[in-house]
Amino acid sequence: MSITRRSLAGLAAVLAVAAAGSAQAQDWKSKYKELVLAAVPDENASGMTERYAGFVAYLSKQLGVPVKLRVANDYAAVIEGQKAGNIHIAQYGPASYARAFMIGAKIEPFGMQVNADGGKGYHAVLYVKAGAPYKKVEDLKGKNLCLVDPNSTSGNNVPRFAMDKMGIDPEKFFGKVVYAGSHENAVIAVAQGTCDAAWNWWNDADESNLKRMERKKMEVAGKPIMYSDFDIVFTSDKIVNSPIAYLSDLPADLKKAISDACFNIGTNDPEAFKKLTDGKAQPWVPTSHKEYQPIVELNEFVDKLKKKKS
Amino acid sequence: MARSITIPTDDRLKPHLAAYASIERSRRLTTLIGVALLAGATVLAGWMGEVNLELFWSRIGEFGNYIGRLFFLSNGKAVITDVYGGEDSWFWGFFYWLKKIGETLVIAYLGTVLGFIGGFLLCFFAAANLTPAPWMLFVTRRYLEFCRTVPEIVFALIFVVAFGLGPIPGVLAIGIHTTGALGKLFSEVAENIDMKPVEGLASTGGSWAETMRFAAVPQVLSNFVSYTLLRFEINVRSAAIMGFVGAGGIGQDLIESIRKFYYSDVSAILLLLVITVIIIDMATERVRHSLISHEGRA
């Protein structure tokens, strides 16, 4: 009798817990009928849509709610969208994540990109056309320089930091300094001669934005972009790899579902992951804000540099 | 004899009232259908454009939020507390920004001059009453439409590829757009002129060019100048955007400040731009009014 009563009570407790569990899951599903994923625009909009299509479908399946990709046309749109809470998950670059943190967006970086060889860093490089008479940054005096976006790590902040160390004030040293808008645009600008040199991201000889453009068979004026058509005249120190972040106030079980989906994509859906990274990376690994604190300091340093112009 | 109004008897009035009511009814119905169609089209447009009213209302505070943030320095103090002097003040870049606005004004000015020349040369071909041949009317009108339909920023991007970075692409882009806009306005002015001088000159054997020069131009010139001055003001705004594509001027600093969330810099630059436009407006208003009243007297 007592055993029965106890087991009944136990059963009731189990049921209650199960009910609470599923109620909680139902809770976030009723609150978040749709999740929005955005990424900083490394490449042009159609390239982004194509690259992320499989990943978004995979996330939708894993989370059980539709995940929608919003293609932002600049880095700031992703930052502003996360600050406003409209973008639930965002793939950043280090500096754009740090900027979002600096302006008070309530976000948590949970995953860090990993290179194919397991490395967790990349470089900013300065490209010129192959065969151009520039062998180092100093040779580019009076020439036009393409940066990527004000919030790009390898396309603006690290280059500005590096050039400052060389004693170069870009706005005075170069003829024109412009933001091309994306890594691809910066390369295209050099290919078509608008800029004489352009900063870009570069992992190693095997993986970089330029390599990706070559693999996609992108063309400028009918001529395919080839990795060998460019020379690198400067390579920066190593930069910590890019983070993916979600809103801090998402429910804990949703956060776990998102991070699990990202960490395990390599085994769960290798096809989607291959499409996302051209097969040139390993899945994200856990990370935290601590890893990006130096980038926050880098941003602050570059902010100060700007004011020297006045 | 005083006139008196005879009021018709009710039974004679009845059919008229009925007719009036039925006309009113059908008119009201037409209006109702029109309003319903408009509402339907608006809802459809909103649905297709993914306009979410609920989201709009719930997020409208964010808009005010952004505007609010524009008035605080990076150290969290209100901009008013430290307006000028020092690295962290609101107008730390005052003279630097003024120089950039100066560049923007030069781009706008040159673009307007180019656009005036283009619009002036083409408008007589695009005016139905003055054009030498109907096909010229068709061709110039379509060309002007092309000029003002393609966004300036697109022209600027194309010209950046062709002419490289710097103010030239911005000037050309604004010049083309202004040609399209002024050409259209000018041709409408030209279509409203008094045709007697034109016919007079043509009948005495004046060539088409001579007729335009001596019969049409004197009638339209003051209006043309007035429109051009108005256009200059608009072009200052366009030139500020040109900086976004590396065409020089204040635009690049503005876009960088927006993207890097230098809130107080954004408000400082916008304030300087607004003041610049106000000064231009006040300076050109007097000229424009005297030109228009001159036109009225002529």
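The following questions and answers concern a predicted model. Local features need pLDDT of at least 70 and side-chain atom pairs count only at pLDDT 80 or more, while totals for chains, interfaces and linings use all residues. Residues are numbered from 1 along each chain as its sequence is written, and chains are lettered from A in the order in which they are written.

User: Is A:Ala221 buried or exposed?
Analyst: A:Ala221 is in the loop between β10 (219-220) and β11 (223-224) of chain A, strands being DSSP runs of E of at least two residues and helices runs of H or I of at least four, numbered from the N terminus. Its phi is near 50 degrees, a positive value in a residue other than glycine. A residue is buried with 20 or more other C-beta atoms within 10 Å of its own, exposed with 12 or fewer, and partly exposed in between, with C-beta atoms placed from the backbone. Because A:Ala221 has 9 C-beta neighbours inside 10 Å, it counts as exposed.

User: Is B:Phe261 buried or exposed?
Analyst: B:Phe261 is found in the loop between α9 (251-259) and α10 (263-297) of chain B. B:Phe261 is not a glycine, yet has a positive phi of about 60 degrees. With 24 C-beta neighbours inside 10 Å, B:Phe261 counts as buried.

User: How many helices and strands does chain B have?
Analyst: From the N terminus on, the elements of chain B run α-α-α-α-α-α-α-α-α-α. The count for chain B is therefore ten helices and zero strands.

User: What percentage of the 298 residues in chain B is buried?
Analyst: The C-alpha atoms of chain B fill a box of roughly 90 × 65 × 45 Å along the principal axes. Buried residues make up, of the 298 residues in chain B, 33%.
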